[in-house]
Amino acid sequence: MTPFRLSRRALLRGTVRSSLGVALGLPLLDAMLNSHGTALAAGDPLPLRFGVFFWGNGSDPARWAPAATGADWQPSEMLQGIAAVKDYVNIVSGTRLAVRGAHNPHVEGAVAILAGGNPVLHPSFSGQSNDWDYLTVPGPSVDQIAADHLAGPTRFRSIVASATPVHTGAAGTSSAPGTAISYTSHSAPFVFNSPKTTPSELFGYLFGTPVGTPPSGPDPEMLVRADALGAVLADANVLRRRLGTNDRQRLEQHMDSVRELQARILAMPPPVVGACAQPTMPTDPASLRLKVKLFADLIAMGFACDLTRVFSLQFSSPASHVAYPDLFPSYVYNGTATSFHEYEHNAGIDETVRTTLKYFVEIFGSVLESFRALPERGGNLLDRSCILGTSELSFGPSHGFDDFPILLAGKAGGALKYPGVHVTAPGENAARVPFTALKAIGAPLASWGRDQLLTSAPVAELLT
Amino acid sequence: MLQPAGLRLLTVSQYANTIRALFGDAALGGVGQWRSSLAAAQGGVALTAVEEYENASRALATVVFADDARRRALVGCTPALVAADPCTTTFLREFGRRAFRRALSAEELERYSSLAQESARSLASEWRGLEIAVTALLQSPNFLYRVELGETDPDVPERVRLTSVEMATRLAYFLWNGPPDELLLSAAERDELQKDDTLRAQVRRMLEDPRGRAGIVAYFADMLNVDSLLVLQKDPTWVPSFTPTLGPALREQLLRTVENVVFDGGGDFRNLFDTRQTFVNAELARLYDLDPSGLSDALTPVTLPAEGPRAGILSLGALMALQSGPSDTSPTLRGKFVRNILLCQQIPPPPPGVAARLPEPAPSELVTTRTLMSRHQTEPRCKSCHGFMDPIGFALETFDPIGKYRPTQNGLAIDTSGELDGVAFADARALGRVLREHPALGDCFSRSTYRYATGHVERRGEEAILSQVVQASGHSIARSFEEIALSVGFRFAAPAEGIGAP
């Protein structure tokens, strides 16, 4: 059974509706105008932050786990890329991600580790049960649960970005969980957040309204925008009474987002404190390595400025149906270039594949370094962050799920061990690690996940 | 036996067409959550899409209302900051009816009039007040969704029938992929879309209208997922002839070829699989080894050579490029496409834990993809599924990842022979001929059109409706659209569960 919890969205719905419902065009929302307040003023507690970093197609389980456990672990071959930030990294090795084998393994794995459940099929798609396009997650992904708990008054509930395009091919530009983890960043089945796909796009989104703009009283342009959304909400409120349960839920989710946008329009820019500064507009690079670095720098600054407290950053989609030209101009097999995914299936774990798998972790390491680089009250952003790094399966060639690759970085305000430890948990449910992350940020959950992935046991050795 | 009707979000292309119908030449591409009609009928709307809708409606209204000539043409009177301004009310009543595809209620009219007037005061501009009301109308669920809820059918009380006004919207987005025109909406307001004869007359009018061509083509675009070609990327090292213009040109070629078969070539869907009539521009002519001289960027009709390697839509570059990797072909993807999309057959997923590793040839002993994948056809647990897919794809191996003809691979001859459900073929063109006579083809065509029309996958209880449609349509595409529009499944629905619950 899913424990009852009152989401931030539900709270938002209550407050905004009561203030706006009857007040079209009237002086708006004293509470809203101050909503950002002074969360980061000197002396007040700093917020916690949460992130997910995802890469597609797993790792090499034989070269993943460090030899030693506890705090004395040294990076294994696969983990070389996080050596520079190893004090901030916790490792749980040996877990198993239990999937059912009813659908595409890449979809099942992504949904299992990020949403703690099995892919579900909308009842209306009964004839299409094997099509990625018609699968969805059973509930919100871990980043969105974290956002329920952490987002508070921030302008952006969460940031969703992807360094590589969702793959085309059989599923086309589909938004299925096999092609983008952003699909799992939502509030319910069949609601997915499209990722920002370039640093310049993310810059415009986060910093298009520059930080540090002094409040100059209510802007009439913003007030009429919010009023227009008020009329939309009023229309929906009439319509909802005529709908069945399913459509009513769809409409309410839609309107939750309308309220969220309305609140953002009315919110004042946050005060500039600490390392917060308006970044410069980035130039989108060709290199994926540089692209992720720019994404991470922007998100880290978004954290420092308290514009957002949650991110989901996809390096590559489940299955890795892309090439990595940072490393190799092409992945050539039988005289033809192919994607990393096809190459690994065909070639197995060879030197080319190992180099690529190490590169995935190196990219994660560089993301962590972006957060460590920004100081905050005598420490850095990693001190108050909890960042999950993982993939959808453990071993690409056979779609294996044993010895699952999963890392948990950051101190989470002291909730996670520092320096980070290596814990072995042979055969244990891999979903315990995302659950540990949620516990580390103080999410009030007694359990997480569904069906065979359900867990109520965080990995105690990681928690202080 | 029926399924509930309800809210159907406008697809990306329906949103664009609806905006165009409201504002003339205004173009807003790529806005919305879902491209697929089925997904839009079932899926949700995320914050990112809500942001897109808000940005798009503000951008559009700003442009229209900043231009004095345009705003006067749209509004037709001059708004004034007076209580109950008649211009504001008249404009919002008329524009609102077109935006919502039904008359506004008194409460709605009051809401949008107040919004316009309050905004006009805040911004000290009557025109800007109307602009804000327009941005709100374009974000209302009554605009963004097709609201198809139905009313209790007096003859069969356990089902609902779509009202005439709801039928206008349902017909228009099915047959035109856009909003109803004034003729259809006023016929609906006269309650003429529930009776067989007047309904059929409207359906025939709509199919004969130029918008009917666009509407049926939009169905094929949805079914074949061709919008993916707009963002398709190929590895430039290995597919150097792929250019940013090629994907869109291939998409356009496929849709023009389909349109030609449907409207100018007799309308028999079987002809899609062996037609030699197509359209090329200079770039496509080079791709197909045709003479590009005299050709420009514009597509021009052409007849493919009678003895050439290709005919029918399957072997055009569009589907070959979509059903391939970034630099290599995929017989499995191509075969799966034929099974799933053209024959409505399902293939189960690969079993977990199976190592898919293929034998690695030495660089000096490169083989064909067919040889490389031979294990799929010999190992029983692979063959049980791949046996249904790969042989179809092998017939298409003479077309590279963008559909260019290649007689050999790695210097070796390509074996394109095989069989489809017991009927042998020698190559891609023969595969097209086998496919056109496949017993599942016609059933699948009507089935996927029915899904597109109703927004759900049929249940067992709807099989009788489908058989009737298939029988009445023969091999005619347009007839199938007409029969579906007249069918019980399109005009009636099960009552939705949970109406009126808190």
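**Notebook: cysteines and disulfides**

I looked up Cys344(B) and Cys444(B) and found that they form a disulfide, with their sulfur atoms 2.1 Å apart. The model is a predicted one, and I kept that in mind for every entry below.

I then checked where these two cysteines sit. Cys344(B) lies in the loop between helix H16 (331-342) and helix H17 (369-372) of chain B, while Cys444(B) belongs to helix H21 (residues 439-454) of chain B. The pair is 100 residues apart and links distant parts of the chain. I read the torsion about the S-S bond as 80°, and the link is right-handed. Cys444(B) has a relative accessible area of 1%, which is under 20%, so I noted this residue as buried.

How many disulfides does the structure hold over all chains? I counted three. I reminded myself that a disulfide is a covalent bond between the sulfur atoms of two cysteines.

Next I turned to chain A. Cys276(A) is joined to Cys305(A) by a disulfide, S to S 2.0 Å. I found Cys276(A) in the loop between helix H7 (245-266) and helix H8 (288-304) of chain A, and Cys305(A) in the loop between H8 and strand S6 (310-314) of chain A. They are 29 residues apart, and the pair links distant parts of the chain. Why is this disulfide of Cys276(A) and Cys305(A) right-handed? The torsion about the S-S bond is about 100°, so I wrote it down as right-handed.

Are Cys276(A) and Cys305(A) buried or exposed? Cys276(A) counts as buried at 5% relative accessibility. Cys305(A) has a relative accessible area of 1% and is buried.

I went back to chain B for Cys77(B) and Cys87(B), which a disulfide joins with S to S 2.0 Å. Cys77(B) is in the loop between helix H4 (68-75) and helix H5 (86-100) of chain B, and Cys87(B) is in helix H5, 10 residues apart. With 85° about the S-S bond, I recorded this link as right-handed. Cys77(B) has a relative accessible area of 24% and is partly exposed, whereas Cys87(B), at 6%, counts as buried.

I numbered the bonded cysteines of chain B in sequence order and got the pairing 1-2, 3-4.

Last, I looked at Cys385(B), which is in no disulfide. Which cysteine sulfur is nearest to Cys385(B)? I found that of Cys382(B), 9.3 Å away. A disulfide needs sulfur atoms within 2.5 Å. Cys385(B) is buried, with a relative accessible area of 15%. I also noted Cys386(A), which counts as buried at 0% relative accessibility.

Conventions: Residues numbered from 1 in each chain as written. Chains lettered and ligands numbered in written order. Predicted model: local features only at pLDDT ≥ 70, side-chain atom pairs only at ≥ 80, totals over all residues. Heavy atoms only, no water. Helix = DSSP H or I, 4+ residues; strand = E, 2+ residues; numbered from the N terminus. Buried < 20%, exposed > 50% of the residue type's maximum accessible area, 1.4 Å probe, protein only.
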